[in-house]
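Here are a few notes to read alongside the structure.

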Amino acid sequence: MIPELGQVLLLLALAVALIQGVLPLAGAQRGRADWMALARPAAYLQCLLVLAAFACLTSAFVRHDFSVLYVASNSNSLLPLPYRIAAVWGGHEGSLLLWVLMLNVWTVAVARFSRSLPSVFVARILAVLGLVAAGFLLFMLVTSNPFDRLLPAAADGRDLNPLLQDPGMVAHPPMLYMGYVGFSVAYAFAIAALIGGNLDATWARWTRPWTTAAWIFLTFGIGLGSWWAYNELGWGGWWFWDPVENASFMPWLVGTALIHSLAVTEKRGSFKVWTVLLAIMAFSLSLLGTFLVRSGVLSSVHAFATDPRRGLFILIFLVLVIGASLLLFSWRAPSVGLGQRFGLLSKETALLVNNMLLAVACGAVLLGTLYPLFLDAMGMGKISVGPPYFDTVFTLIMAPLLMLMGIGPLMRWKEDQVSGLARRLRWALVIAIGAALLTSWAAGRIAPATTGALALAYWIIASMGVDLLERLRPRGGLSGGVVGRMRLLPRAMVGMWIAHLGVALFAFGVAMVKTYETERDVKMTADASTEVAGYRFRMISVSDVQGPNYVAAQALIEVSRDGQLLATLRPEKRIYKVQSNPMTEAAVDSNLLRDLYISMGERLDNGDWIVRVQHKPFINWIWLGCLVMMGGGLLATSDRRYRARQTRSAELRDLANGMAGEGGR
Amino acid sequence: MNRFLLPLGAFLLLALFLALGLRLNPREVPSPLIDKPAPAFQASTLARPEATIKREDLLGKVWVLNVWASWCAACRDEHALLVDFSRRGVAPIYGLNYKDKREDGLGWLGRFGNPYTDTLFDPEGRIGIDYGVYGVPETFVIDKAGLIRYKHIGPVTPEVLRDKIEPLLRKLTNA
Amino acid sequence: MLERILHSLLAALLCLTLASAQATEAPVAATTEAPVVAANPEIEARMMVLAAELRCLVCQNQTIADSHAGLAEDLRQQIREMLAKGMSERQILDYMTERYGDFVLYRPPFKASTLLLWVGPGLLLLLALGTLWRVLRRRQAMAPEAFDPDTPDEDAAR
């Protein structure tokens, strides 16, 4: 009964989404306030319906309802409750429902927090979001219904992929989707502005917080996925340039460019055309990612079960949405104004170069990801494009960007001079290079590429230091001391610094771990030990362990340094009862300076175990960098600017009402 | 107006490739050995360890090489078809027993039938590597001059046999 | 004052790095030294570097270095033997492509069909920066009327 209810709810949601998509849009064109007024209630109703449908699917999982095909394929009677809930989005159909749910959450947020925006604008935005939701709901109902029945019901389910039975699985997809889907808001704002012809600095100011919020979620989702894969998959890697990883990274790159482009447009009203195009591109890349993961055109470890029919549907949807958007763009773009002027050497230009570099990086990742497909489609053979290509190309493009990150924030708006910049930054450069050389030497080996990367990380931080110093130095006319001047710093600026600091931390972590990590494979038995990077790893025993739905061989390994016991680690080799593929569960001892990563290989005939021990210096700075980036974004979004106008416009409204009231007497 | 249509144009080109991509199989790895000499081998036979087969022994005739193993479930799907094919005498099939144990391989043939004129024994998979084998079963067609003409990955289906392999065998035999 | 803080931060960072990189001999209580799996560690290291460049054909989304598949283990063994025989890295990669095609290489070879792949990003970069340069130059030459009027800056005091 409940699955059928879920099905009906989805159908109703589709109907509401279509109403939400069509009527307000038509109403905005024709000036019909009653049609436009449907937008918000429709958005709220659709969200309720989708939420209810999601609850139906979740209940099917919780209750072990194996008469639902999707539940039977992704769950099992032995599966613990948290993973049963996570299994709702463990497969293709359920993850689509999650996608639509996230879209609804964003839509409701826009409906709720858009009181200060013109109603025509809001109507168009909500309509665009409604149309996208309708497309996905239609896709689900036609090709990927999570509520399809399996009759007769399966005796037991096929279980959730053991790799996904991990806390990270619970959090990673929802966060990732919040990010992916969140760019639909910036997209909707862009389309609404193109239709209405009111692309200006105010539009940029409205769009910015929504875009930054989506970007924060996407950063979190990608970082979490990387951290989870590292801890869960057992080989010690954290990024593989897998097509699906790239599919989430490309919107992030363009999203970052979009945030910076919106800054220029808000400040100067300039380069609106570029900003709008970036907004369309960010969401288009999200949709493209959806296509790549579910259509089977690319081989990936993340890919869902493939079906050419689904792929075709998504492709048609993609062509309609993106094609229509780009057509609208090509029609409206020529009439968009140039904004204010600025000099060739200015902060505006620096931001534009920054966006160029990010866009080129995204283009390079796209090229590498799709090139095997291009060649195969043209009958020119099959090749593979993997980490050796991406690492090389990406770092070469990122290097100038990191360099620019140390210069751009210090540049003046409108017009600046090279001599002034050089004077202000010369010490930062010296400190950066010196610190990099010192760090490399201290770590044991001076590798040129690594030292360069470290120098760039230090350069960003040093340049931020210069910026901070300049702003806190006493100036004629300003009083209140250092602390007073600190309080005057706009949140957006501090947020920017923190976000850039996050990038520097990330770059530092990557450079250190890639260059100075060490590993060793040894054959271990009780009381055997080995030493890696000054740590001694001693195996105490290996015992059999029973999990809720698996059996495991668990090793007890003591880690010590200078005779002092630091940690006891328990890596496992698990065999899940249902899917019976052996799984490596690595044991990791983490702190800010390094990770000690132990994973079990095979059991030899004589009872010994092959154990791989890895020492990874500074690896946690990678994910720390992601968290810090997010913190910076959060701070920037909370800037008074975005709230001040709301209160001010509310004040104006009250004033107007008051005056109208008085005038009416 | 023209330059603003560029993004749309680029996107449609991309969509075209994606559409073409829907018909392709990204996991299938074509063989670089097509139209090249079949790699040399010298292996003992499965049934009699003391006998050896060399590639040179098979020059001058058109033959089929089928890679199989007793632990391979998919090999059973095609086996009945191959047994039937061998009875029709179109071309000899030689088996390559890949990464298997002698007793297991012989037992498997005893249970499911033996379509092979003879079977090479490749316990370590060295011959398999030379032939670019990455998943069993795989089937090769080799001509009189010892060149590989065709490779099929996965179980041989009646359609593949009827539409690709048998016509090719006939063409090569009459050449 | 802030310079001083920055200096001490740097010093702290250096100490951290030094601490983590130090290798000390730890006195151990009654354990045997676990033998390394690799018979020849030097060849093993070189093999792993090569194996990281090759794609596992069975699982297809891991390198031969990381994959647990039977074929991956066979190929790793093959590479060890070839290195022991003195074959060069180039020769070993050629050996692999002769049998499995370019698909097995994670670093795409540089040939006519992959020219666009390798040159593409650089071309894109030049194109992007070149376009930006041209557009900005053109705007410098335009009359002030084409633009919006200047507005004062929030952080204009610099």
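1. Helix α10 of chain A covers residues 243-268, 26 residues in all, and reaches 37 Å from its first C-alpha to its last. That is close to the 38 Å expected at 1.5 Å a residue, the expected span being 1.5 Å times one less than the number of residues. Of the 26 residues in α10(A), 26 are buried (20 or more other C-beta atoms within 10 Å of the residue's own, with C-beta atoms placed from the backbone). Gly269(A) follows α10(A) and has a positive phi, near 65°.

2. A word on the basis: this is a predicted model, in which local features need pLDDT of at least 70 and side-chain atom pairs count only at pLDDT 80 or more, while totals for chains, interfaces and linings use all residues. Residues are numbered from 1 along each chain as its sequence is written, and chains are lettered from A in the order in which they are written.

3. Helices α1 (residues 2-30) and α7 (residues 119-143) of chain A pack at about 150°, their axes 7 Å apart. α1(A) is therefore roughly antiparallel to α7(A) (angles over 145 degrees count as such). By class, their contact has 20 nonpolar, four polar and one charged residues.

4. In chain B, five strands make an open, mixed sheet in the order β5-β4-β3-β6-β7. β5 (118-122) and β7 (148-153) of chain B are at the edges, each with a single partner strand, so one side of each lacks a neighbour in the sheet. The twist averages 20° from one strand to the next.

5. Strand β4 (residues 93-98) of chain B runs parallel to β5(B), joined by five bridges; pairing requires at least two bridges found by DSSP. Asn97(B) has Phe121(B) as its bridge partner in β5(B).

Notes
Helix = DSSP H or I, 4+ residues; strand = E, 2+ residues; numbered from the N terminus. Buried ≥ 20, exposed ≤ 12 C-beta atoms within 10 Å, placed from the backbone. Axes fitted to C-alpha atoms, helices over the stretch in contact; angles between N-to-C directions. Parallel < 35°, antiparallel > 145°, perpendicular 65-115°, else oblique. Nonpolar A, V, L, I, M, F, W, Y, C, P; charged D, E, K, R; others polar.
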